[in-house]
Amino acid sequence: MKTVAEEGKTPAIVAYLTIIGTIIAYFMNNENKNPFASFHIRQAFGIHVTFYVLGVLVGLFDSWLISSAFYIFIAVLGIYGLVTAIQGEQKEVPILGAYFQKWFSTIN
């Protein structure tokens, strides 16, 4: 018998690929409501929203130093989330993960 993490691993991994992947993962998980997949969908959605919201603000500065730091920050969050999903772990991404779980708690 598969564990909850094993059953939800595919949508959890797909969620981190792009914002489209997050939407696809949401619909993949819509019927079964796997808690592992839901956790990672919330994390991935939060990373994507952060990318777009902060991206607008970072774009105002027109500085390669600020832009580089921003892209590294988003990449670290995304890679960390993807690796934990692949490993079957339910760890929040650094700094913002707890907020993503709270803000997007309606995503089941």
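Which residues of H1 are buried? In this predicted model, where residues are numbered from 1 along each chain as its sequence is written, local features need pLDDT of at least 70, side-chain atom pairs count only at pLDDT 80 or more, and totals for chains, interfaces and linings use all residues. Side-chain values use heavy atoms, with hydrogens and water left out.

Helix H1 covers residues 4–15; helices (H or I, at least four residues) and strands (E, at least two) are DSSP runs, numbered from the N terminus. H1 has twelve residues and spans 17 Å from its first C-alpha to its last, close to the 16 Å expected at 1.5 Å a residue, where the expected span is 1.5 Å times one less than the number of residues. The buried residues of H1 are Ala5, Gly8, Pro11, Ala12, Val14 and Ala15. Buried means under 20% relative accessible area, exposed over 50%, and partly exposed in between (1.4 Å probe, protein chains only). These buried residues of H1 pack against helix H2 (19–29), H3 and H4.

Gly8, in helix H1, has 0% relative accessibility and therefore counts as buried. Not counting residues up to four places away in sequence, Gly8 touches Asn34, Phe36 and Ala37, contact being heavy atoms within 4.5 Å. The C-alpha atoms of Gly8 and Ala85 are separated by 9.1 Å, although the two residues are 77 residues apart along the chain.

Next come helices H3 and H4. Two packed helices are described by the angle between their axes and the distance between the axes. H3 (residues 35–59) and H4 (residues 64–86) pack at about 175°, with axes 11 Å apart. Axes are lines fitted to C-alpha atoms, for helices over the stretch in contact, and angles run from 0 to 180 degrees between N-to-C directions. H3 and H4 are therefore roughly antiparallel, a term for angles over 145 degrees. Residues making the contact include Phe36, Ile47 and Phe51 of H3 and Phe70, Ile74 and Leu77 of H4. The residues of this contact divide into twelve nonpolar, seven polar and no charged; Ala, Val, Leu, Ile, Met, Phe, Trp, Tyr, Cys and Pro count as nonpolar, Asp, Glu, Lys and Arg as charged, and the others, Gly among them, as polar.

Gln43 also lies in helix H3. Gln43 is buried, with a relative accessible area of 0%. Leaving aside neighbours within four places in sequence, the contacts of Gln43 are Tyr16, Lys91, Glu92, Val93, Gly97, Phe100 and Gln101.

How values were computed:
Parallel < 35°, antiparallel > 145°, perpendicular 65-115°, else oblique.
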